[in-house]
Amino acid sequence: MNTQSINKRIRLIMELRNKGITDTNVLSAIERVPRDAFVPPQAQDQAWEDMALPIGLGQTISQPYVVAFMTQCLQLTDRDKVLEIGTGCGYQAAVLARLARRVYTIERHKNLLKRAEKRFEELNIRNITSIAADGMKGWPRINGIDQAPFHKIIVTAAARVKPPQALLDQLEVGGCMIIPVGEPGAQNLKLYRKESEEAYAVRNMMPVRFVPLLPDISDQPHDMAG
Ligand code: SAH
């Protein structure tokens, strides 16, 4: 790593601290996951800027501040099993993987998922399990094995009205889920805490802008947007 790249990382971490990210484990995870490995060649110059960037197929990698904020809300420990919906380029999953025991992540675009899996391999990240599926249905039973319930759930695409019921069902009692909810242009990041099998506490955390959660696997065969 050259000096310029180290400086860019330090500048980003300082910016996140100034914006209110106080959890030092989260800050050090952001510092250590090479965001440049997750963004396309044409966006390399902005890889360490605090901004969202295009990753192809009309999807985006979230702004580091939002990744840090959502991760901080989950208060992860190395005993946690986390479910992520919306793998995208895999950046958020890689950040979670540094803080949790194991990350399960679901993406509806097979092409995006393949590229994310290649990155996990190249970066030698071994505690992420990923599948192409509709994450609104939760983590499926595979070969007779259930992974639910999860201690924490993070959804990185916006639900229109409320979180999918399957995700609330797959959350452990005492666990929490962070999810953007709302119409395009009026989304709010919400933190759900499951207090019993039927009762949830909900907190509005901040206004955000995410691509929508969409049902089913995408049948878009080609990478249109690079
Ligand atoms: N966490 C990602 C950013 C995600 S962008 C990152 O760090 O790069 C949102 C992603 O959610 C997109 O890739 C989109 O295809 C995916 N998505 C939307 N609806 C989904 C669903 N029902 N199941 C799984 N993935 C979904």
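Which residues form one aromatic cluster with Trp139? Select Tyr104 and Phe150 alongside Trp139: the three make up one cluster of aromatic residues. Keep in mind on this tour that the model is predicted.

**Stop 1: the aromatic cluster**

Stay on Tyr104 and Trp139. Their ring centres lie 5.1 Å apart and the planes stand at 75°, so this pair is edge-to-face. Now colour by element. Tyr104 belongs to strand 4 (residues 102-107), while Trp139 sits in the loop between strand 5 (128-132) and strand 6. The two are 35 residues apart, and the pair links distant parts of the chain. Tyr104 is buried, at a relative accessible area of 7%. Trp139 is buried as well, with 5%. Across the structure there are four aromatic pairs.

For another charge placed over a ring, select Arg35 and Tyr91. Arg35 lies over the face of Tyr91, 5.6 Å from the ring centre.

**Stop 2: strand 6 and its neighbours**

Select strand 6 (150-155). Is this strand buried or exposed? Six of its six residues are buried, so the rest of the structure largely encloses strand 6.

Bring in strand 3 (residues 81-85). Strand 3 pairs with strand 6 in the parallel sense, over four bridges. To find one of the contacts, pick Ile85: its bridge partner in strand 6 is Val155.

Now show strand 7 (171-181). Strand 7 and strand 6 also pair in the parallel sense, again over four bridges. Pick Ile153 here. Opposite Ile153 stands Met177 of strand 7.

**Stop 3: helix 4**

Select residues 91-99, which make up helix 4. Eight of the nine residues are buried, so helix 4 is largely enclosed by the rest of the structure. Which residues of helix 4 are the buried ones? They are Tyr91, Gln92, Ala93, Ala94, Val95, Leu96, Ala97 and Leu99. Tyr91 is the residue whose ring face lies under Arg35.

**Stop 4: the ligand**

Centre the view on the ligand. How many residues are around it? There are 27, and those that come nearest are Gly86, Glu107, Asp134, Gly135 and Leu214.

Move to Gly135. Here a polar backbone atom is 2.8 Å from a ligand nitrogen. Then pick Cys89, where a backbone N or O atom lies 3.2 Å from an oxygen atom of the ligand.

**Stop 5: salt bridges**

Side chains of opposite charge can pair when their charged atoms come close. This structure holds seven salt bridges.

Begin in helix 5 (residues 110-122). Select Lys118 and Glu122. Their side chains meet in a salt bridge, 3.5 Å from N to O. The two residues are four apart in the helix, so about one helical turn separates them. Glu122 is exposed at 57% relative accessibility, and Lys118 is exposed at 54%.

Jump to Lys194 and Glu197. The closest N and O atoms of this salt bridge are 3.7 Å apart. Glu197 is exposed, at 54%.

Then select Glu15, Lys19 and Asp50 together. Salt bridges link these three residues in a network.

**Stop 6: Glu183 and its surroundings**

Finish at Glu183. A salt bridge joins Glu183 to Arg160, with the closest N and O atoms 2.9 Å apart. Glu183 lies in the loop between strand 7 (171-181) and strand 8 (187-194), and Arg160 in the loop between strand 6 and helix 6 (165-169), so the pair ties together parts that are 23 residues apart in sequence. Glu183 counts as partly exposed, at 40% relative accessibility.

Last, select Arg209. Arg209 is found in the segment after strand 9 (200-208). At 77% relative accessibility, Arg209 is exposed. Draw a distance from its C-alpha atom to that of Glu183: the separation is 9.7 Å, for residues 26 apart along the chain.

Conventions. Residues numbered from 1 in each chain as written. Predicted model: local features only at pLDDT ≥ 70, side-chain atom pairs only at ≥ 80, totals over all residues. Heavy atoms only, no water. Salt bridge = Lys/Arg side-chain N within 4 Å of Asp/Glu carboxyl O. Buried < 20%, exposed > 50% of the residue type's maximum accessible area, 1.4 Å probe, protein only. Pairing = 2+ DSSP bridges. Phe/Tyr/Trp six-rings, centres within 6.5 Å; stacked < 30°, edge-to-face > 60°. Lys NZ or Arg CZ within 6 Å of the ring centre and 35° of its normal. Near = heavy atom within 4 Å. Polar contact = N/O pair within 3.5 Å; in protein donor to acceptor, adjacent residues only side chain to side chain.
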